[in-house]
Amino acid sequence: MNPTAPTISELIAQERRLTLPHFGYDDAYALGTLIVSLARERHAPVAIDIRRGAQQLFHAALPGSSADNDAWIDRKRRVVERYGESSYLVGTRFRAKGTTFDEASRLDPDVYAAHGGSFPVAVEGAGVIGSVTVSGLPQAEDHALVVEALEQFVSRIDG
């Protein structure tokens, strides 16, 4: 998997398309195990985190991942919590302005990371209620893995 960098409009469209009708404990488990399955198929050394509000509903660490991935998860997740958009979209918006998130956001880079891999969990009628985050691959691949899993998850809910 070697995705090309999506545009701002493509990233926004992903978020709109991947709004869920509901999201609870069983949904978090189903989505988390789907991501684990996709990552295992690719021997991807990732850690996975799913949250609703402040509560962690799912976490997994696959072979090759480390505690460093958990730190990246926390930093990317905080960007989603603050901006209500994917960490990749936030970073892409800064790059489109000719700067970087670290240079221009005025936020501590030890606390926030606008790198791909954290995606908002948005529910129809409620807005962003949580996040799903992957860390361990290059940022475009982390993001693409989350989006692929959410697309499959949404098709199962709708199907």
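A crossing of two helices is called left-handed if the near helix is turned anticlockwise from the far one by less than a right angle, and right-handed if clockwise. The legends describe a predicted model, in which local features need pLDDT of at least 70 and side-chain atom pairs count only at pLDDT 80 or more, while totals for chains, interfaces and linings use all residues. Residues are numbered from 1 along each chain as its sequence is written, and side-chain values use heavy atoms, with hydrogens and water left out.

**View 1. Helix α1 passes α4 in a left-handed crossing.** Residues 8-17 form α1, which packs against α4 at an angle of about 160 degrees with the axes 10 Å apart (axes are lines fitted to C-alpha atoms, for helices over the stretch in contact, and angles run from 0 to 180 degrees between N-to-C directions). The pair is therefore roughly antiparallel, a label given to angles over 145 degrees. On α1 the contact (heavy atoms within 4.5 Å) is made by Ile-8, Leu-11, Ile-12 and Glu-15, and on α4 by Tyr-88, Leu-89, Thr-92, Arg-93 and Ala-96.

**View 2. Glu-85 sits in the loop between α3 (67-83) and α4 (87-96).** Helices here are DSSP runs of H or I with at least four residues, and strands are runs of E with at least two, numbered from the N terminus. The side chains of Glu-85 and Arg-93 are joined by a polar contact of 2.8 Å (a pair of N or O atoms within 3.5 Å; within protein, one must be able to donate a hydrogen and the other to accept it, and residues adjacent in sequence count only if both atoms are side-chain atoms). Leaving aside residues up to four places away in sequence, Glu-85 touches Glu-15, Val-79, Val-80, Val-90, Arg-93 and Pro-120.

**View 3. Four strands form an open sheet in the order β2-β1-β4-β3, with antiparallel pairing.** Strands count as paired if DSSP finds at least two bridges between them. Because β2 (55-61) and β3 (118-123) stand at the edges with a single partner strand each, one side of each is left without a neighbour in the sheet. Strand β1 (residues 47-52) is joined by six bridges to β4 (residues 127-135), and the two run antiparallel; Asp-49 stands opposite Thr-133 in β4. Helix α2 (residues 25-41) lies across β1, β2 and β4, at about 20 degrees to β2.

**View 4. Helix α1 also passes α6 in a left-handed crossing.** The contact is made by Leu-11, Gln-14 and Arg-17 of α1 together with His-143, Val-147 and Glu-151 of α6.

Note on methods: Parallel < 35°, antiparallel > 145°, perpendicular 65-115°, else oblique.
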